[in-house]
There are 2 protein chains.
Amino acid sequence: MFPAMSEEPTTKDRLIFAATRLFRQRGYDGTGLAEVLAEAGVPKGSLYHHFPDGKADLACAAADWTASEIIRVIDDAFAGAPDWRHGATTYCHKMAKLFDILNSADACPIFGLLFEGPDQNKFRAHAEAAFNRIIAGAARHGEAFGMSVEAAHEAAETLMIGFQGSWTLARMRRNATTLRSLPNRLYGAIAR
Amino acid sequence: MFPAMSEEPTTKDRLIFAATRLFRQRGYDGTGLAEVLAEAGVPKGSLYHHFPDGKADLACAAADWTASEIIRVIDDAFAGAPDWRHGATTYCHKMAKLFDILNSADACPIFGLLFEGPDQNKFRAHAEAAFNRIIAGAARHGEAFGMSVEAAHEAAETLMIGFQGSWTLARMRRNATTLRSLPNRLYGAIAR
DNA sequence: AGAAGACTAGACCGATTGGTCTAGTCCTGC
DNA sequence: GCAGGACTAGACCAATCGGTCTAGTCTTCT
């Protein structure tokens with residue numbers, strides 16, 4: 001969830017990274033373009049050059065980028081896991097660690113970036129496609145464990161549903177316990 | 001979640017109802033005071049008279065009111081239920097119906113009103129207290145079914161975690177299926 | 001070198017924002 | 001009736017909002 005610093009990011013990427021971070025912290029409507037520009041160190045003309053529809057385009061790009069990052073976290077978490085539960089547990093622990101790094105102040109990275117944004121069909125379609133990518137990315141691992149397509153999809157969805165609720169509660173409580181205990185919450189029961 | 005119309009609401013209540021509805025639909029930052037005032041049919045001076053800290057006070061009042069309403073829904077849902085699962089299922093069905101009534105556009109009433117608002121400790125404390133009231137209100141029913149204090153609390157929290165994630169997904173998908181299937185999601189496994 | 005397009009820079013703009021404040025009207029109690 | 005407080009009403013304000021636009025600089029290709 002942090003940009004790789006091995007290469008100088010392009011202007012466009014700098015805008016996306018800054019927007020992602022600020023939208024997550026402040027929400028879409030609570031973030032002004034001036035803040036994004038200041039953090040990215042980019043002038044306004046550049047923003048409209050790269051994102052002709054302005055703030056709304058930025059939200060679409062932030063959602064896309066977030067989904068790609070989450071899929072990376074999911075893939076890392078499930079790599080080498082012997083079964084779904086282990087992968088999901090690692091995912092939750094990784095996200096709990098991210099939560100701690102973010103100092104407990106940020107909205108859930110998935111839902112904060114994909115469920116809040118401009119009131120436009122374009123964004124909505126983007127966000128939905130991004131979310132479906134995440135679900136598909138997670139379900140793929142379920143299938144690799146031998147789950148049926150349906151069961152894998154269901155498991156992925158359940159994980160994401162629980163993840164959001166848990167992150168939100170962790171945020172309120174200022175600690176990541178609900179994230180770390182999510183697997184037990186979900187699979188202390190689902191496991192079969 | 002709709003004001004009782006048996007009595008003419010006070011100016012203050014009109015503001016709270018309007019704010020609650022608009023904050024749920026647009027988010028706190030996405031709602032301007034002018035909109036709230038227009039919907040409530042109240043002049044600005046009145047707002048500052050009743051809510052000296054302005055918009056932030058309104059958010060606190062909206063959160064409190066929302067919690068009270070949700071607790072009412074919970075109590076209704078669990079009234080007469082033979083066990084936790086039945087009560088929780090009825091709660092989910094009631095909320096799914098509310099979702100349909102709201103035309104799928106509103107943020108989760110609990111989390112949208114309690115987790116988004118002014119970046120202030122006062123609001124945060126209010127919201128956290130409100131949420132804890134909801135959890136306690138639900139846990140009470142668990143205890144009435146013979147659950148230990150801890151298990152009842154855990155069950156209430158799990159329900160709310162799942163509820164938020166499900167509502168959010170229902171909102172994206174424009175249908176309440178995830179809300180209606182939440183009990184099976186949670187208790188097709190937890191049930192013991 | 002020159003042309004064209006990509007990209008940066010920041011001034012400008014009308015609209016909206018939430019809060020402040022003055023001037024009333026209404027209500028209650030003496 | 002009068003005084004004081006509760007409450008309504010809306011004008012005013014500085015700041016911010018996101019978008020537009022002009023004027024450059026940089027890059028690439030011929």
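Predicted model: local features only at pLDDT ≥ 70, side-chain atom pairs only at ≥ 80, totals over all residues.
A salt bridge joins the side chains of B:Arg185 and A:Glu157, with 2.9 Å from N to O. Across the interface of chain A and chain B, six salt bridges are found by the rule. The points below describe the interface by topic.

**Extent of the interface**
- The contact draws 30 residues from chain A and 31 residues from chain B.
- About 2700 Å² of area is buried between chain A and chain B, and carbon and sulfur atoms give 56% of this area.
- A:Ile161, A:Met172 and A:Arg185 together supply 27% of the area that chain A buries against chain B, which is more than any other three residues.

**Polar contacts and contributing elements**
- Between chain A and chain B, ten residue pairs are in polar contact, both residues being at pLDDT 80 or more.
- On the side of chain A that touches chain B, the elements giving two or more residues are α6 (109-114), α7 (121-144), α8 (149-173) and α10 (182-190) of chain A.
- Of these, α8(A) gives the most to that side, with 13 residues.

**Symmetry of the two chains**
- Chain A is superposed on chain B by a rotation of 180° with 0.0 Å of shift along its axis, at an RMSD of 0.0 Å.
- This is the relation of a two-fold axis.
- Both copies use the same surface, since 100% of the contact residues of chain A recur in chain B.

Notes: Residues numbered from 1 in each chain as written. Chains lettered and ligands numbered in written order. Heavy atoms only, no water. Contact = heavy atoms within 4.5 Å. Buried area = accessible area lost by both parts, 1.4 Å probe. Salt bridge = Lys/Arg side-chain N within 4 Å of Asp/Glu carboxyl O. Polar contact = N/O pair within 3.5 Å; in protein donor to acceptor, adjacent residues only side chain to side chain. Helix = DSSP H or I, 4+ residues; strand = E, 2+ residues; numbered from the N terminus. Least-squares fit on C-alpha atoms with pLDDT ≥ 70 in both.
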